Amino acid sequence: MTSSAPVFLVKDGALSWPEVAPMRERIYPPEKLINTPMHGIEWAHAQRRVLLYVDDILCAVAGIHEREVLCNGQKLRVTGIGGVMTKPELQGQGYGKQVMLHLMTFLRNEARCAFGLLFCEDHNVGFYSKLGWLLFEGDMVVEQHGKTGPFSFRNVMVLPLNESARISGDIDLCGLPW
Ligand SMILES: CC(C)(COP(=O)(O)OP(=O)(O)OC[C@H]1O[C@@H](n2cnc3c(N)ncnc32)[C@H](O)[C@@H]1OP(=O)(O)O)[C@@H](O)C(=O)NCCC(=O)NCCS
């Protein structure tokens with residue numbers, strides 16, 4: 001049996017959470033997170049999501065955040081990408097790439113933000129590099145538990161959208177990471 005073409009939908013973050021939560025729970029089981037650097041980190045909730053379905057089955061997802069941040073002290077609107085996931089049994093079949101490519105085109109057409117910004121672990125840098133994302137080598141501060149401070153446990157990657165992306169200097173995310 002051949003599967004149908006993928007269908008992409010952009011949905012509200014809170015409304016789409018119930019259909020994304022089971023995938024997130026499988027990929028990041030809470031009992032395993034306790035022993036990782038991710039334990040206790042406060043994350044922002046996605047405002048919107050791009051969801052990829054095949055035959056009405058959710059295969060991959062990526063969250064969208066929009067925020068006014070400070071780049072070298074200057075206010076700039078950026079798009080944050082977080083919660084990028086492919087259903088475990090479907091990983092390595094191109095769904096993650098397709099959802100990201102769709103999202104990147106969507107954001108460029110929307111033309112609301114200067115550049116994209118995401119956080120990722122070392123083993124995923126290659127995945128995003130292949131899609132044109134660049135490593136940010138400057139300093140990043142975020143809010144955690146009501147305080148602002150450096151956030152260095154993950155790589156920061158940036159993508160030009162409507163302006164060139166900043167790859168150095170300092171960025172204050174003016175809120176929680178995503
Ligand atoms: C990371 C993730 C979203 C990738 O999705 P996927 O559907 O498995 O990836 P794809 O099959 O679309 O791969 C696209 C390309 O990236 C490559 N790739 C995939 N994962 C990679 C990785 N971790 N490192 C380097 N390259 C990678 C593939 O080989 C493929 O290359 P090609 O285009 O040359 O063939 C998926 O593995 C996942 O859900 N992981 C667990 C959650 C997670 O870590 N999310 C990211 C949070 S930052």
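This is a short tour of a predicted model, stop by stop. Local features need pLDDT of at least 70 and side-chain atom pairs count only at pLDDT 80 or more, while totals for chains, interfaces and linings use all residues. Residue numbers start from 1 along each chain as its sequence is written.

**Whole chain**

Show the cartoon. The protein has four helices and ten strands. These are DSSP runs, numbered from the N terminus: helices are H or I with at least four residues, strands E with at least two. Follow the sequence and the pattern reads β-α-α-β-β-β-α-β-α-β-β-β-β-β. The radius of gyration is 16 Å, close to the 16 Å that the globule rule gives for 178 residues, so the protein is as compact as a globular protein of that length. The radius is taken over C-alpha atoms, and the rule is 2.2 Å times the number of residues to the power 0.38. Along its principal axes, the C-alpha trace spans about 55 × 40 × 30 Å.

**A hairpin**

Strands S7 (139–144) and S8 (147–150) run antiparallel, joined by four bridges. Strands pair if DSSP finds at least two bridges between them. Pick Gln144: its bridge partner in S8 is Lys147. Two residues lie between the strands, and His145 takes a positive phi near 50° in this hairpin.
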